[in-house]
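Please look over the sequence and the model before reading on.

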Amino acid sequence: MSVSTAPREPAARAPARGRGTAYLTGPGLTLGLATLVPLAFLGVFFVLPVSGMLARGFFPDGGLDLSAVPEVLGRARTLRVLWFTLWSSAAGTVLTLALGLPVAFVLYRLRFPGRGLLRALVVMPFVLPTVVVGVMFRSLLSAGGPLGSLGWDGTWVPILLAFVFFNLAVVVRTVGGMWEGLDRRAEESAATLGATPWQVWRSVTLPALVPAVVSAGTLVFLFCSTAFGVVLTLGGLRYGTIETEIYLLTTQLLDLRGAAVLSVLQLLAVVGMLALAARTRRSRERGLKRVGARAAARRPGRSDIPALVATGLAVVFVLLPVGSLVVRSLRRQGGWTLANYRMLTDPGSTPVLRVSVAQAVENSLRTAVDATVLAMVLGVVVALVVSRRPRSRWWSGVVSTMDGVFMLPLGISAVTVGFGFLITLDRPPLDLRTSPVLVPVAQAMVALPLVVRTLAPVLRSVDPRQREAAVALGAGPWRAAWTTEAPVLARPLLAATGFAFAVSLGEFGATSFLARPDRPTVPVVIYQLISRPGAENLGMALAASVVLALLTVVVMGVVERLRVGSVGAF
């Protein structure tokens, strides 16, 4: 152990109980000052654009006008959209948790060949563009698709399936990362005392996983309620969510007042849900005893057959639409061909695009790197701050508020943010309309909450008494924090970097508003191709989707190969 054992005025270094002074000096003060940087970033690139968008709705003539609120909320269409958003998001969350928990157990508590490949496979859908996911399920369930006989095309069923497909990785990564690090000896002790497997799960395992399950459930509900491309593609005019309704009001009906009302409603719902989730998480969170992944994992046994069967079904569920996508990308006019892929490198292959898809791939990689660096720098600072447990009630409230504030970008309409960028960052000193930095900034805004959610649960699992013990033994505050937190933070840092990069590669919502025509990213190109008629455009879109999926799998495969996916969560 690198901490000195020579006591040096331990009483003077120990934090004063009940006054929260540990956050006014030393690392607490430095972290507090460093937090001003991400707060400024959030203020300029989130609060300002959203405020600008809302101002267009509530201050149409320079004065406050709230007459649109009762009018918009009283519309029959609005009530129908709100109801569908609520129940479909709740159902999607329940189904994703039900399928994700056994998969998390198998992929993070059992040890078998090919586990890393399966992890990357399960994570892949999360970083696919949502519009691509929608097209995949439509092609799968349409009249001519492999599962067209089920008659689900045009119903709400494909939307729910797409929700589960897209968010399964959130549950697996969040719960699995925490599950893998749990000390198995408590479960073994309970079993030795005569507890059945169900009693062990209910009384020992589940209480330890509650914080991770709450975090995962909250994020899944947020992603379902703000899903844009999936609902836009599969819902049509019959099924719409608040997100697609804001898009419709903004871009087609030019009803900015109606869009502003729904944006505020969405914001209030997100804030309320995040506050409830944070309260639940704090009440159940505790210092968990963690062990190494190799010590926790074991070989599968007969009792694991139900979980293994559920994992097999989950893998089939993921591979089926992906396989359909790959097969269709290799076919044209009833035959097998690589023509769709060859056309990706030809700038003149279609009048829809000004650049080739290969150039779009280069743009995506470059902007994803920039966005990842930005999100990691800001996310590490935020995660260190929000993972602290101040004894002072006031400081605890401040930390909890910050945790919720940096989660807000997950729940705000990408349409609102993207359109807000265009109408607020268009004049000095922030005239960024033609600047290429807007795209990586927007992608970093999307990745930042995921980085925080990856790092913060792991940091919170570190018992603060370890830091206090190190301080009592004579270590300085910085050295105590480094000694206790660095060992568990190293691998989640790499995992968060991989996730941020993969998510930035597939980001579509805000990028669709901000990408310049001569510098599009791959998701934008795919949407442009899909939205235009023609078999060649569709074939190129499917081929580009396959390329994007392969890039994502490679990134996540490297993460798993380095064994950095063993710890960490969204």
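Helices (H or I, at least four residues) and strands (E, at least two) are DSSP runs, numbered from the N terminus. The model is a predicted one, in which local features need pLDDT of at least 70 and side-chain atom pairs count only at pLDDT 80 or more, while totals for chains, interfaces and linings use all residues. Residues are numbered from 1 along each chain as its sequence is written, and side-chain values use heavy atoms, with hydrogens and water left out.

**Aromatic pairs**

Rings of Phe, Tyr and Trp (its six-membered ring) pair if their centres lie within 6.5 Å, and planes under 30 degrees apart count as stacked, over 60 as edge-to-face and the rest as tilted.

| Pair | Centres | Planes | Class |
|---|---|---|---|
| Phenylalanine 41 and phenylalanine 45 | 5.2 Å apart | 50 degrees | tilted |
| Phenylalanine 137 and phenylalanine 165 | 5.3 Å apart | 75 degrees | edge-to-face |

Because phenylalanine 41 and phenylalanine 45 are four residues apart in helix α3 (residues 36-58), about one helical turn separates them. Phenylalanine 137 in helix α7 (residues 130-141) and phenylalanine 165 in helix α8 (residues 157-180), by contrast, are 28 residues apart and link distant parts of the chain. Phenylalanine 41 and phenylalanine 45 are both buried, where buried means under 20% relative accessible area, exposed over 50% and partly exposed in between (1.4 Å probe, protein chains only); phenylalanine 137 and phenylalanine 165 are buried as well. One aromatic cluster is formed by Phe84, Trp87, Trp156 and Tyr239.

**Helix packing**

Axes are lines fitted to C-alpha atoms, for helices over the stretch in contact, and angles run from 0 to 180 degrees between N-to-C directions. Helix α5 (residues 76-109) and α12 pack at an angle of about 145 degrees, with axes 9 Å apart. Arg77, Val81, Leu82 and Thr85 of α5 make this contact (heavy atoms within 4.5 Å) with Ile242, Glu245 and Leu248 of α12.

**Aspartate 255**

In the loop between α12 (242-252) and α13 (256-284) lies aspartate 255, which is buried because its relative accessible area is 19%. Not counting residues up to four places away in sequence, aspartate 255 touches Arg75 and Leu249.
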